[in-house]
Amino acid sequence: MVKLVAVILSVLSICPLAYSCAPSDRAALLAIKAALNEPYFGIFKSWTGPDCCKNWYGVSCDPEVHRVADINLRGESEDPIFEKAHRTGYMNGTISRAICRLNRLSSLTIADWKGISGTIPPCITSLPFLRIVDLIGNKLTGELPADIGRLSRLTVLNVADNQLTGRLPRSLTNLSSLMHLDLRNNLFRGTIPRNFGKLRMLSRALLSRNRLQGQIPNSISYIYRLSDLDLSLNRLSGTIPPSLGKMPVLATLNLDGNNISGTIPPTLLNSRIGTLNLSKNALEGNIPDTFGATSYFMVLDLSYNQLKGGIPKSILSATFIGHFDVSHNHLCGPIPVGSPFDHLEASSFVYNDCLCGKPLREC
Ligand SMILES: *[C@@H]1O[C@H](CO)[C@@H](O)[C@H](O)[C@H]1NC(C)=O
Ligand SMILES: *[C@@H]1O[C@H](CO)[C@@H](O)[C@H](O)[C@H]1NC(C)=O
Ligand SMILES: *[C@@H]1O[C@H](CO)[C@@H](O)[C@H](O)[C@H]1NC(C)=O
Ligand SMILES: *[C@@H]1O[C@H](CO)[C@@H](O)[C@H](O)[C@H]1NC(C)=O
């Protein structure tokens, strides 16, 4: 008897039906396939047969519930099919709303296909297990779903390099698990929500190259884990919150190419920040004389502002200054001599009122 049970169990375990994907998942995938056109590799030729959990390119299932958990389609990857074809991927068509019928979906990556248009189906906010949404590098239009904040498990939202429009939804700051937000290079407008600091798990906030306006919210500095803040090339105005220089792990702060005014907060120059780009704004006043041993800059770019006064002496106490640029300001006086300044060229200092000394003309 025990033997018979064992035989039955082993037959069951090799029975292909036990591994097949749910028919509803299979139907949804076929609808997704029908809305897309991938002419060069034929990846969707593998999307055939009854078991969508087996050998369907870019599809994987949860081994316990046999439901589709991941869709991972990248147009630029190391996959051998790309090497064989000697080209990167291209797809056009749209992302079907049928995606929202995959209600165990945890990761949705349809990235770098360049030609996929249409909107992000708003119904994805009803997918309770969604953790990753990566749709970078397509031609998506329309807005982010207004109720995106419902995705309480979402850790990655990457929609960079598309043509998305509209304001950042108010519910965005309800994404309490979000760690990585990348909205770069779209057409988002309006302001950064004042309560942005509610995103307390965030480590990267990349909002560069949009049409965002208004002030940098103070609340950003409450995000304890934030290491990379890129707000460059927008239309932001107002002043730089001094609290940004007190953040525990902030390593990169790019605010270049906005319309930010006021003075440079002294805290920024003696902080954990190693890449600081404030170029092309409307900053005034002196460069604060607050460099110290913790100042370690791979990049310190203050060019194209209205800064005046001299280059502060304390800069010689910085541990490292790699790329340095104060060109196109109204600075005056002698350029400090000594490390970490020895390697710099004239282009770092040109177009000021009366800077002098090496590598410019003698004082
Ligand atoms: C999609 O790409 C194909 C080339 O593979 C092209 O013939 C077709 O016109 C494109 N469709 C759209 C809607 O752009
Ligand atoms: C954010 O979440 C809270 C609590 O769940 C809810 O009351 C609020 O309406 C949400 N905000 C938005 C804008 O969706
Ligand atoms: C700083 O920002 C400016 C303006 O966007 C850009 O041209 C420059 O290359 C950036 N500096 C560095 C070192 O990346
Ligand atoms: C920049 O901000 C100032 C106010 O600080 C405003 O007068 C000016 O019009 C703004 N410039 C642009 C190009 O938005």
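Modeller: UniProt positions are given in the numbering used here, feature names are shortened, and annotations may be inferred rather than shown by experiment. This is a predicted model, in which local features need pLDDT of at least 70, side-chain atom pairs count only at pLDDT 80 or more, and totals for chains, interfaces and linings use all residues. Residues are numbered from 1 along each chain as its sequence is written, while chains are lettered from A and ligands numbered from 1 in the order in which they are written.

Biologist: Which residues does the UniProt domain annotation cover?

Modeller: The unreviewed entry places "domain: Leucine-rich repeat-containing N-terminal plant-type" on residues 23-62. Helices (H or I, at least four residues) and strands (E, at least two) are DSSP runs, numbered from the N terminus. By that reading, residues 23-62 are 30% helix and 15% strand, with end C-alpha atoms 15 Å apart.

Biologist: How do I read helix H2, and which of its residues are buried?

Modeller: Start with the general idea: an α-helix has 3.6 residues a turn, so residues three or four places apart point the same way. A residue is buried if 20 or more other C-beta atoms, placed from the backbone, lie within 10 Å of its own, exposed if 12 or fewer, and partly exposed in between. In H2, the buried residues are Asp25, Arg26, Ala28, Leu29 and Ile32. They share one side of H2, because their arc around the axis is only 160°, taken from the directions from the helix axis to the C-beta atoms.

Biologist: Why does Asp25 count as buried?

Modeller: Asp25 counts as buried because it has 23 C-beta neighbours inside 10 Å. Asp25 and Ile99 are also 9.0 Å apart in space, C-alpha to C-alpha, though 74 residues apart in sequence.

Biologist: Now the strands, please. What do S2 and S3 form?

Modeller: Two strands pair if DSSP finds at least two bridges between them. Strands S2 (residues 59-62) and S3 (residues 67-74) are antiparallel, with four bridges, and Val59 stands opposite Ile71 in S3. Together S2 and S3 form a hairpin with four residues between them, and His66 in the turn has a positive phi of about 55°.

Biologist: What is the strand order in the open sheet of three strands?

Modeller: The order is S1-S4-S6, with mixed pairing. Strand S1 (36-37) and strand S6 (114-117) are the edge strands, each pairing on one side only. S4 (residues 91-94) runs parallel to S6, joined by four bridges, and Thr94 stands opposite Ser117 in S6.
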